[in-house]
Amino acid sequence: MASDNLGDYERVQEEGKYSLEADIPTITFTEIGKRGIRRMDGYEKASGKAIYTRDMQLPGMLYGRVLMSPYARAKILRMDTGRAEALPGVRSIMRYDDPEIEGRGLNGSYFAPGWVGRQLKRSGLVEDELEGWGLKPVRPVLGDEAWYEGQPVGVAVAADSEDIANEALRLVDMDWEELPFVLDQEEALKPDAPILRPNSDSNLLEDPRQLLEVGDVEKGFKEADRIIEFTARRNAHLWAGAEMASVLVRWRGDNLEMWLREQQPYHAKMLFAEWMDLPMNRITVHSPYMGCSFGERGNPANNPSNGMNILAALFSKRTGRPVKFLYNRNETFFGESGDMMVSYFKVGAKEDGTITAVQIKNVFAVYMCTPGIEHFIDNTRIPNLKCEAITVDVSKAAAWWDRCEQLPNTFCFTLVFDHVAAELGMDPTEVALKNDGYDSRDTTHLSKYKSEHGFPDRDSLRECIKAGKKAIGWDEKWHPPGTKKLPNGKMHGMAFTWDHAWDDVRGTGSAAILIENDGTVSIIGQQADIGVNPWTAYCQIVADELGMRYQDINIKPFDLDQGFALMSPDGSCNLCSNGIVLRKAARKAKKMLLELAAQKFEDVRPEELDTKDRIIYVKSDPKREKTIKEVVARAMPMFASAGYWSEAPVIAWAWHTHGVWGEALETGRPRLGRQSHFIEVEVDTETGTVEVSRVVNVNDVGKAVSPETVEGQMYGGSYLGVGRSLTEEMIWDGKTGVLLNRNLLDYKYATMVDYGPVDAIFLETGLGHGPYGAIGVGEATATMMPALLGPAVYNAIGHWIDDFPITPDKVLKALGKA
Amino acid sequence: MKEAMSKFLCPYCSTTFGVFEELKAHAISDHKTESVPAPEGLIRLTVNREVHEIQVEPQWTLNYLIHDRLGLTSPKMFCDRGACGSCTVILDGRPILSCMTLAIECDGTTIETAEGIAKSNHPLLDSYVKHHTMQCGYCTPGFITTSKAFLDRNPNPTEEEIREALSGNLCRCGTYPQHPKAVLEAAKNLREG
Amino acid sequence: MKKFSHVNALTIDEAVSILRRYGDRASLIAGGTDLLGKMKDRILSRYPEALVNLKTIPGLDFIKEENRILEIGALTRLEDIAIDQTVRGGYAALAQAANRTASPHLREMGTIGGNICQDIRCWYYRHPNNRFPCLRKGGGRCYAIEGDNRYHSIFGGSVEEGCYAVHPSDTAPALIALDAEIRTSKRTIKAGDFFQVEVTKTTVLDEDEIVTKILVPRPPENAKSGFVKFALRKTIDFPIVNCAALISSSEGKVSAARICLNAGYVKPYRASRAEEVIVGKTFNEADAEAAGSAAVSEAKPLPHNGYMVQIAKTMVKRAILACG
Ligand SMILES: Cc1cc2nc3c(=O)[nH]c(=O)nc-3n(C[C@@H](O)[C@@H](O)[C@H](O)COP(=O)(O)OP(=O)(O)OC[C@H]3O[C@@H](n4cnc5c(N)ncnc54)[C@H](O)[C@@H]3O)c2cc1C
Ligand code: SF4
């Protein structure tokens, strides 16, 4: 903790640092962990009153639209906007050769230029600060060349209505030169493939993570009883969130106001200011509700739709009117999941299930989220690991996180473990337990860490497996592959996978707590809402920390310029970071409150007081009490008259950083919690349909602050996760490079009746580094689920289909029926 | 409608005439006692128990009318092609998709949106909030309207029937398992008054 | 959407006269669930100048049974057909087909007339902004032949290099199996003759012809009908293949069969080979399977849709067994 000779800034920084120690609760939980709490955002959302960016309208507002390339790769040879300009209702047209837009680029890769490069340098992974992160370079906001079908290109318009804007785009007369393109990453590496980036001699993209090696795999293979080799493929899927992309911008003199559908609004503002060369204090960002994100809006730089923020701002300046820029549904298919990959595996294992070596070669298209080996490092005792991962440019939109950048890792992890178990004829839960550990070390090292840092010595994996097995009836139902035909004629299959829990080490936030002079509490801090219900949890935490009730606390997080920004709701780090921010702020506020109360009791010191149920009482004589309301009644600036005088407000703020991403193991913070997932399927061998009849998830969430929220994430993760491996797939036409299923009928995700029951079982072991031992759970299930369909189908029919999604045609083919 | 403009269209029955005099004669003889019809596109509809008389364009969808013109933000635009249920409103008792309905064809209809259902203190609202039957919330009003129309017809449903009734509503956040719980509770509260 | 004129027709005659006046520049609109999607996406180079609303014509929305004939008005909503007790009792295949169509909301909107007159769903044809001006749109080539044809016809195209887009309707095969007739503003057409292979059309209707009602003869007492559908999702999904059957039997043996597949060919595909095989047999797996194999004996799948043959075979088998 902070020592007293620190400066103000140093103290804040010191207090905000993350700790390796277990966060043992010091309060009694009244609101925390309670069921049946009314969600903060519930009524607004259910009644349709919640406002999303797409719902926003301002007086005099214009509608902005941009042209999307009809070709996979093409250059504009000639463009005539005359007819569009003449269309009544068209207010402004921006051409690619307009001086105001020409040369304006979005970063092609990550956050700000060099940001990741700096992080990588700091962590010693690379020597130089890299510009960006091995992706396509700066992408023009509006260029004359398209890199993929559906790319914003050539011309944008602002008009009185969306219909007029659309009509205007249709009236633009253009000649294109179509250029050769390539869709498949392995094709793109062949010598005769067209080179897609200018000034480059290969489609291979730079990435500092091309080789990761631990131990010596050759040695590991020698020690193995069996060598298992296989290849797997994963096709693209994407977020396909509920609300279509849009932004609303208005200039007010030199100040600019924007309504932004952005998961990380502060980053968005920062980048926008940089792109537009505007001082940040001239930009006001409103962050209305968001209809999903799942990472779609997680990266303000990489995403082509960010160009629309710039276009909208330029149009608004030109026309002097607010401009709402819109994408329609088919245009929102502007990216892919970062796990378009072909994977080559070689694994060595002993007969008893001990894995001695894992070697993976991954070939990614467009973007590598994660190389694919990290979970073996973070999560197992396997001593020899090697991963070669390359990223290849293809004629597709930029890929990105899709409810977790860990997809390649979980894909490789599940397939390796389940292939090994199948090859050895072992129960996969046994194989998991045999190899659990971290950083090539076994679980005794985890136990040591736990005891050194005050964590309970619970075996999370064993507990997760036990609970999951019981729920699904594993011991009674588990069977050898292809052996169980159900009375309905279908083949029964079941599978299991596991991983560490998403106890992640990043996230930074700040917030303030203000006790209003009626004794209610406002949380001050901006945050985008993507549906993970953080606000309810924050209010629960603040209520318990202050000794108040949930109903007394409120948060109004829609406007950025409050001075405080909570960690954005992503990376499964929201609650773990912000829970600590709020807990710290609440404790500070409580300290102030008790100091003020002590003055009013006159004869007690603050340390002698405590709060409970909105009451401040003397600990040694609980009958002596005052309500919080009484104590703070004057603690705000009031009007200065009639003998009233004000007391200083009770307001406290805190900052917390939950760690620096990429430094997990370096700082010695292993993940202690685990998760297990079980699935049951029925395969119709006459149609190839894989029907999911049951999903059982067991997540160690450390501490469930809001149980329904935890369950919601696990339910949602199951639907999204299973869908990704059964029906969700982006399908391009090989001849033209056009994405064929740009709508929600042909891009198929699950409906309410598609899968059988989903169990959401959570354990509360206190093994997390979050507040009260909590662990994030937002992404875990969705990321674990997809690969699990592979072993489940294998268990049903006795054939591996390592080609995702597993559609009926592939199943029939495996069965020799197609 | 270039052709129609170059001819003379009877405002009562849309028959066209080449010469104005003919139209005049026709109108006098065939439509003598009828009152002059309202201008094309003037519709009257009841939304959440309030009557609206409004001039619409033929290409306006009901969603545009309700959401953009009347300012009721509950019917959300999600797929815009009839494939998600998010823009559902109740039209004369039927849960229908406002994005695939022309406003001009809704003359004389009665419409309910989630705002209206909320205003009438329907127990669905409370049970949805209590059971956390939402995440991002964008699709939630569509579930509310669909559930309300369903409960109007089937006040004592089984879980299975609820799932069937809501099977046309997509939720990307995957809140599906929470809906039957909320709808069952609302049904119970409705029955018990 | 782009502007158009809109006319509320009050009688069939009026609607016909407007169609005559506008020719192919006008479209009829019933539930609008198919038509508006096409207009929003601007899939055709030609956009309708006028829509003629049929819903304002009284007397087209009804279900009644008289003299062993079921009559359904063209504007009857699919949901009403799906839940109607008479239809469910005597004409099960039709009720089941209506019930498996699209989604609950679309069934509340979509009409039976619109369902049999709906356009094809080929993803090249339907790609926004007329991205693929294919054969069916009067262009020079069919993109599906060389492209991704996983959902296209397994029984050949409309013409040699021609359209492989399947007919997507769920109710059409049921109507054909039940030997229904389509009454139009001009004539009465057997359901089996109603659909058309010609490249640019899906039905035999003339430009100024309107479906007014559907007549379904009540199947004999010893007959049962059934409908099965294969799609990737259980709801909000078009069939990859569906099948309806009407099978009469006496003493456990099939005496007559009408079996119709859809979504596997450019129009509903009468599985007459399967009918021949199953007549005289009892209801059992092996014979139903043999009938299924016979149904697809003339299949000539494209590079990506071979699996549909197996599925079509299974659908026939299951439709037969559903009538047992
Ligand atoms: C997301 C989605 C999923 C769907 N899934 C399915 C499915 O699973 N199975 C299925 O079968 N369909 C499906 N459909 C298609 C659906 O539109 C039809 O099932 C519906 O019945 C069409 O009826 P409608 O009244 O809305 O047609 P409309 O859109 O009004 O009309 C369709 C066409 O028929 C013409 N027409 C309409 N009525 C008549 C008439 N009386 N005489 C002559 N011509 C007429 C119109 O001019 C128009 O060209 C789906 C549609 C969508 C949008
Ligand atoms: S199958 Fe028919 S609709 Fe599809 S691309 Fe070919 S010609 Fe066009």
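**Ligand shells, helix pairs and backbone exceptions**

A backbone N or O atom of D34(C) lies 2.9 Å from an oxygen atom of ligand 1 in this predicted model. The pair falls within the limit for a polar contact (N or O atoms within 3.5 Å; within protein, one atom must be able to donate a hydrogen and the other to accept it, and residues adjacent in sequence count only if both atoms are side-chain atoms). C117(C) also places a backbone N or O atom 3.4 Å from an oxygen atom of ligand 1. Q118(C) uses its side chain, with a polar atom 3.2 Å from a ligand 1 oxygen atom. Ligand 1 taken alone exposes 970 Å², and the protein buries 95% of that. Accessible areas follow the Shrake-Rupley method with a 1.4 Å probe; for residues, only the protein chains shown count as cover.

The model is predicted, local features require pLDDT of at least 70, side-chain atom pairs count only at pLDDT 80 or more, and totals for chains, interfaces and linings use all residues. Residues are numbered from 1 along each chain as its sequence is written, chains are lettered from A and ligands numbered from 1 in the order in which they are written, and side-chain values use heavy atoms, with hydrogens and water left out.

Ligand 1 lies between chains A, B and C. Its shell holds 34 residues, and the closest are L28(C), G31(C), T33(C), T111(C) and N115(C). A residue is near a molecule or strand if one of its heavy atoms lies within 4 Å of it. In chain C, β2 (26–29) and α7 (112–117) each supply at least two shell residues. The most come from α7(C), which gives four. Helices (H or I, at least four residues) and strands (E, at least two) are DSSP runs, numbered from the N terminus. By class, the ligand 1 shell has 17 nonpolar, 12 polar and five charged residues. Ala, Val, Leu, Ile, Met, Phe, Trp, Tyr, Cys and Pro count as nonpolar; Asp, Glu, Lys and Arg count as charged; the others, Gly among them, count as polar.

Ligand 2 is surrounded by 14 residues, the closest being C122(C), C134(C), C142(C), C163(C) and Y164(C). Its shell has 12 nonpolar residues, one polar and one charged.

Helix packing was examined next. In chain C, α12 (residues 285–295) and α13 (residues 306–322) pack at about 135 degrees, with axes 7 Å apart. Axes are lines fitted to C-alpha atoms, for helices over the stretch in contact, and angles run from 0 to 180 degrees between N-to-C directions. The two helices are therefore oblique to each other. Angles under 35 degrees count as roughly parallel, over 145 as roughly antiparallel, 65 to 115 as roughly perpendicular and the rest as oblique. α12(C) passes α13(C) in a right-handed crossing. A crossing is right-handed if the near helix is turned clockwise from the far one by less than a right angle, and left-handed if anticlockwise.

In chain A, the axes of α11 (residues 407–424) and α12 (residues 428–435) come within 9 Å and cross at roughly 120 degrees. α11(A) is therefore oblique to α12(A). Their crossing is right-handed.

Chain A also holds backbone exceptions. Most residues other than glycine have a negative phi, and most peptide bonds are trans. The bond from F804(A) to P805(A) is cis, with omega near 5 degrees. P805(A) sits in the loop between β32 (803–804) and α21 (808–814). C292(A), not a glycine, has a positive phi of about 70 degrees. Its loop lies between β14 (283–286) and α9 (307–319).
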